Amino acid sequence: MTEELNVLDYRRTDLYGHLLGIFTKLNILSTLNITASQLLDFLIDVDVSYHPTPYHSFYHAADIVVILYYMLNELDAKHYLTNKQIAVLMISAICHDIGHPGFNNDFQTKTKSDLASYYHNQSILESQSIDITIDLLRKHSLLDETDLLQDLILATDMAFHYDLLEDVNQLEEETWSAGWNDDQRRRFARILLHAADISNTVRPWPISKQWSDLIVREFFRQGDAEKTAGLTVSTGMDRDLDTQASISLRFTEGIVQPYFQSLATLLPKARRWLVALEENKVHWQDLKAATPLAASLGHDTRVSMPAGTITVLSNPLQHLIKPVRIMRTSSHSTALVSPPSSELKRSHSSSLRHS
Ligand SMILES: [Zn+2]
């Protein structure tokens, strides 16, 4: 098992088997006292509850599980978490974008969607993922205590990126290893999940490029919808103004690189990812030079899609949506361009502790 494993090459059934293997190797079945068939039933339900969006699909979630497994085993991260925390982290990973419609939190807020209303414009999609996940966990009798799971999924809201970055540096100054208390281990789990969630640009180039194709396709689809609705197009989502290379370079240099540089102080073996990141930047710079302005992915451009992707799927989740109060709102695109406001920092600390 290496970081070079590409889930996009897997058919669904093979992917289920692969995920079962990861959960088994991490002793999650024994930790949670569940059977393999119980976990498989859960994974299938999770898959069905994801939408067939270009990027935020079950395949993205499976990729995050693969990368976390790599971080736990190959980058030595597992020594700093308990077995129970590892189990919750991996379940959070496979569920963290469940129900994502492919249009981000800002879009939900701008369009005054039902979801935005349900969740009071606060971490809308993450809150929805938490609710769907808890319902599925109950249905499959997998996990009773969900505080950590809620905390972890909520922290995948990109609005908290800069707070997590600050926390990486803070943790590095605090006592390591056996000296860590439970709160420090929870913070570390948040940091790991977010790292995995933004890890596309530190992957080997062919994998990195495929994920970029998918996220850009989703961004431009949202940009098109915003234009159609007469709304201001979100930053980095206008196919007439942005290129795939410029979007990727901006995200790499502004978000991923500083985060992984800090992460490498906590997990020294993560330095290998900084090398991959630099190599990928060269690819993007070459592509940027070759792609003057017009969008690099047009409406009709064919891009990579996961093997076995379901192309027609009704929304099976409406009956699961119910109102809760969890704070914050933001989006991928906000984090691309905006440093955190003091307001964001205040609400972050309260909201992460809220769950
Ligand atoms: Zn994600």
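Modeller: Axes are lines fitted to C-alpha atoms, for helices over the stretch in contact, and angles run from 0 to 180 degrees between N-to-C directions. Helices here are DSSP runs (H or I, at least four residues), numbered from the N terminus. This is a predicted model, where local features need pLDDT of at least 70, side-chain atom pairs count only at pLDDT 80 or more, and totals for chains, interfaces and linings use all residues. Residues are numbered from 1 along each chain as its sequence is written, and side-chain values use heavy atoms, with hydrogens and water left out.

Now find helix α4, residues 58-73, and helix α11, residues 182-197. Their axes cross at roughly 125 degrees and come within 9 Å, and α4 and α11 are therefore oblique to each other. On the α4 side, the contact (heavy atoms within 4.5 Å) is made by His60, Ile64, Ile67, Leu68, Met71 and Leu72, while α11 brings Leu192, Leu193, Ala195, Ala196 and Asp197. Sorted by class, that's 9 nonpolar, 1 polar and 1 charged residues. Ala, Val, Leu, Ile, Met, Phe, Trp, Tyr, Cys and Pro count as nonpolar, Asp, Glu, Lys and Arg as charged, and the others, Gly among them, as polar.

For a second example, helix α1 (residues 12-25) packs with helix α3 (residues 36-49) at an angle of about 130 degrees, their axes 10 Å apart. So α1 and α3 are oblique to each other too.

Note on methods:
Helix = DSSP H or I, 4+ residues; strand = E, 2+ residues; numbered from the N terminus. Parallel < 35°, antiparallel > 145°, perpendicular 65-115°, else oblique.
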